[in-house]
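Biologist: Hey, I've never looked at this one before. Could you walk me through it?

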Amino acid sequence: MSLERFGAGSTKPSISTIGADQFDGFHPKERLRSYLSSIGGCSESSLVHSLPTQLLFTFKTMLVGPWGTLGNGKSMPLPSDPKELYELDPEEYARNGKFKIESTPGLRFLNKTAVNTGSTDPWMLCSVTQVEETKQMLRMVPILIATLVPSAMIAQVNTLFVRQGTTLDRHMGNFKIPPASLAAFVTISMLISVILYDRCFVPVIRKWTKNQRGITLIQRMGTGLVLHIMIMVIASLTDRHRLSVAREHGLVEKSGQLPLTIFILLPQFVLVGTADAFLEVAINSSSSTTKRRKA
């Protein structure tokens, strides 16, 4: 289990950003495909290689933001017009294949990093686009906190749910079902849900919302969170029933098989996959969107 999670920790953060690089943000057709796809598939099954030039740039921006804010906080007031803040020429961004990001009203204290004090020190002066990139990263923090509980819920698939399965009747004819094999329904459910979401739900709901994605990523995450609440309720009721049957047969303190089929656990496994199609895909899509905006 630990090796599995170690491996997932190295691949999951990379898949989304690599998928985002497969679409050219400057090409209208490719950009539209990047918004419509839930799984961020490669165009023409070709792999686009992007040089890792943004990593140091991103870390530098994250460090300069608070540092420059403290340095300029007392000496320079914020201008009323964001256009007076320091920014590079649009041609500079176009030449490097990047997008210019306009100033936003949120987290305005970070804008002091872009106040032009006459200093040429790159650790004391950021462009508006750099400041907005820092804001984008900070806005991801509430999403990270909100997804801690669902992440703990997903961990139960390979721990508590499997443990529940070992106490139930696992026979299907002459075949004995391994409890851990029910986790396959999570993947199956997720694949089916993603296809139905992209091919059925999005085209219908887009007519009302006028959003190319159908619903926003935040709404998709919220739907996933609601589904995770349903999973916890269903899992709780199922385990309550399992324990009541165990008490009836005097098996609470003893190890023995309960006269309940293992398939009573199937709804919670299926719902985990459906919830992942909303929550996990939305999280990956949001990180991919942030990557595209920075690129």
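Predicted model: local features only at pLDDT ≥ 70, side-chain atom pairs only at ≥ 80, totals over all residues.

Biologist: OK. How many helices and strands does the protein have?

Modeller: There are 10 helices and 2 strands; these are DSSP runs, numbered from the N terminus, with helices being H or I of at least four residues and strands E of at least two. Going along the sequence, the order is α-α-α-α-α-α-α-β-β-α-α-α.

Biologist: And what share of the residues count as buried?

Modeller: 36% of the 295 residues. Buried means under 20% relative accessible area, exposed is over 50% and partly exposed is in between, using a 1.4 Å probe and protein chains only. The accessible surface comes to about 17,600 Å², and 65% of that belongs to carbon and sulfur atoms. That area comes from the Shrake-Rupley method with a 1.4 Å probe.

Biologist: What about contacts between residues at least 6 apart in sequence?

Modeller: Of those, 77% join residues at least 24 apart. Contact here means heavy atoms within 4.5 Å.

Biologist: At what angle do helix 6 and helix 9 cross, then?

Modeller: Roughly 45°, with the axes of helix 6 (residues 148-155) and helix 9 (residues 217-248) coming within 10 Å. The two are therefore oblique to each other: under 35 degrees would be roughly parallel, over 145 roughly antiparallel, 65 to 115 roughly perpendicular, and the rest is oblique. The crossing is left-handed, meaning the near helix is turned anticlockwise from the far one by less than a right angle; clockwise would be right-handed.

Biologist: Which residues in helix 6 and helix 9 meet?

Modeller: On the helix 6 side, Pro150, Met153 and Ile154; on the helix 9 side, Leu225, His228, Ile231 and Met232. By class that contact has 6 nonpolar residues, 1 polar and no charged ones. Nonpolar covers Ala, Val, Leu, Ile, Met, Phe, Trp, Tyr, Cys and Pro; charged is Asp, Glu, Lys and Arg; the others, Gly among them, are polar.

Biologist: And how do the axes of helix 5 and helix 6 sit?

Modeller: They come within 4 Å and cross at roughly 40°, with helix 5 running over residues 128-146. Leu144, Ile145 and Ala146 in helix 5 meet Leu148, Val149 and Pro150 in helix 6. That contact has 6 nonpolar residues, with no polar and no charged ones.

Biologist: New topic: phenylalanine 269, buried or exposed?

Modeller: Buried, because its relative accessibility is 0%. Phenylalanine 269 is in helix 10 (residues 266-294). Not counting residues up to four places away in sequence, phenylalanine 269 touches Val157, Phe161, Leu182, Ala183, Phe185 and Val186. Its C-alpha is also 8.5 Å from that of isoleucine 231, 38 residues away along the chain.

Biologist: What is alanine 277 in contact with?

Modeller: Met190, Ser193, Val194 and Arg220, leaving aside neighbours within four places in sequence. Alanine 277 lies in helix 10 too, and at 1% relative accessible area alanine 277 is buried. Serine 193 is 84 residues away along the chain, yet the two C-alpha atoms are separated by 6.1 Å.

Biologist: Last one: where does valine 204 lie?

Modeller: In helix 8 (residues 184-209). Valine 204 counts as partly exposed at 46% relative accessibility. Glycine 214 is 10 residues from valine 204 in sequence and 7.9 Å away in space, C-alpha to C-alpha.

Definitions and conventions: Residues numbered from 1 in each chain as written. Heavy atoms only, no water. Axes fitted to C-alpha atoms, helices over the stretch in contact; angles between N-to-C directions.
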